[in-house]
Amino acid sequence: MIQTKKISENIYNFRVIGYRDINFHGPIYKTDHGSSYNAYLVIDEQVTLIDTVEAEYSAEFLKVVEKVLDGRSIDNIIINHVEPDHSSSFIDVVQKYPNSKNFCSERAEKFMQNMFFNDVEYTTVKTGDTLSTGKYNFKFILTPFVHWPDNMVTYLEEEKILFSNDAFGNLTVSTKTFDDEFELVDLQNSSKEYYANIIMPCGRFVLKALKEIEDLQLEIKMICPSHGIIWRSFIPQIIENYKKWANFESKKDKVVIVYDTIWGNTELLTDDLGSELANLGLDVKVFRVSEYRPSLIMSEILDASAVIVGTGNFNGTMLPTIAGFIERMFALKPKNKIGAVYGSYGWAKTHLQRMKDRLVECEINVLDFDTSSNFNPDSENVEVTKQLASIIYEALGVDEE
Ligand code: FEO
């Protein structure tokens, strides 16, 4: 379903309430509530559409846009980002409104041509370029790698609105529109999960883009992202959050344990290790990877200081669920973490080194100490696990200034 909402005198928000879309970006990001996408229409002497929606919603999108247009046409389409959740219905829109002028970054033009459309003309823009539509002026700001090379944001000067595309987005599925209609903490959590799973590898580009926007001294009254709710009351808070996340500011005492097990022996080690760490006063979060959404675990890892990974030995290596999760960390690049490994084994203890090697590839600072058990943990294993907990605690430097 698509909700149409007038968010300012001449500006409409079309929100896909994607209650069916629990697999956001295919298998990358599973949600427990669906997903949401926004496009915006600005009515002036010229009519401007900012972003479109995923092709699955094309027909419905065209209908709701037509209703608002009330007989007018679309003069301009701004493509802030080419990823299909924002651009795959573009071809349907230009077929219906073939005289639209289409604005995007140079990289976006190339991507659009390669992904979808060879026979559409684009006007490429760079930071500082503007578009006047009558009484309104749009300013383009390129934000490459937040989170694809083609990304840009668009500022509507007279309304002081930043159309930020993926940046500042979240997957809140609601017919409520604005941030102040929610508890801030809920929005921070959903934005954090979105950041951890979509934006996290691009932290230094996020900081660069934020600085560039600050340097332009734009007064921002509203941030309209292409996912989730619109920011108008908590703008300083979400910008501050983005700075914190982009700098990988972590909680010194927060430890995330990710494990999986076949016959429960690694789970016994997990309980021992988790209890020891908790008894040392640490904030310990434990996830059996096959039973939780990986996107939720990634969100917890974003501001943790340690990632501890455990698995039983599966024919010489780790369990595939753990291997997949480590590969996910490789892709999403959480930084400033220490790591450690543990796990049970039967007749060969080869999995621990393999995990260490993979975690090193993820730029995790892996401790040179581990704990393991031959089948069930015995009292000696329990002692070594206690030692590992102490070593993790020391490495975190919780007691340091
Ligand atoms: Fe919401 Fe990068 O797409």
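The largest cavity has a volume of about 100 Å³, where a cavity is, on a 1 Å grid over the protein atoms alone, a set of points where a 1.4 Å probe fits but cannot get out, and where grid points are joined across faces, edges and corners and the volume is the space filled by probe spheres set on the points. The model is predicted, with local features needing pLDDT of at least 70 and side-chain atom pairs counting only at pLDDT 80 or more, while totals for chains, interfaces and linings use all residues. Residues are numbered from 1 along each chain as its sequence is written, and side-chain values use heavy atoms, with hydrogens and water left out.

To find the largest cavity, select T143, V146, A167, F168 and A209, which lie nearest its centre among the 13 residues that line it, a lining residue being one with an atom within 4 Å of a point. Then colour β13 (161–165) and α6 (203–215), the elements that give two or more residues to this lining; helices (H or I, at least four residues) and strands (E, at least two) are DSSP runs, numbered from the N terminus. The largest share of the lining, four residues, comes from α6. By class, the lining of the largest cavity holds ten nonpolar, three polar and no charged residues, with Ala, Val, Leu, Ile, Met, Phe, Trp, Tyr, Cys and Pro counted as nonpolar, Asp, Glu, Lys and Arg as charged, and the others, Gly among them, as polar.

Next, select L142, T143, P144, V146, F205, K208, A209 and E212, which line the second largest cavity, with a volume of about 50 Å³. Here, too, α6 gives the most, with four residues, but this lining includes two charged residues beside five nonpolar and one polar.

Move on to F61, one of the residues that touch the most other members of the largest nonpolar core, a set of 88 residues. Such a core consists of buried Ala, Val, Leu, Ile, Met, Phe, Trp, Tyr and Cys residues joined through side-chain atoms within 4.5 Å, buried meaning under 20% relative accessible area (1.4 Å probe, protein chains only). Another core, of 20 residues, lies apart from it and includes I78, V125, M152 and C224.

Finish at G343 in strand β18 (residues 338–345), which is buried, with a relative accessible area of 0%. Beyond its neighbours within four places in sequence, G343 is in contact (heavy atoms within 4.5 Å) with T266, L269, T311, H351, L352, T371, S372 and S373.

Note on methods
Buried means under 20% relative accessible area, exposed over 50%, partly exposed in between (1.4 Å probe, protein chains only). On a 1 Å grid over the protein atoms alone, a cavity is a set of points where a 1.4 Å probe fits but cannot get out, and a pocket is an open set with protein on both sides within 12 Å along at least five of seven lines; lining residues have an atom within 4 Å of a point.
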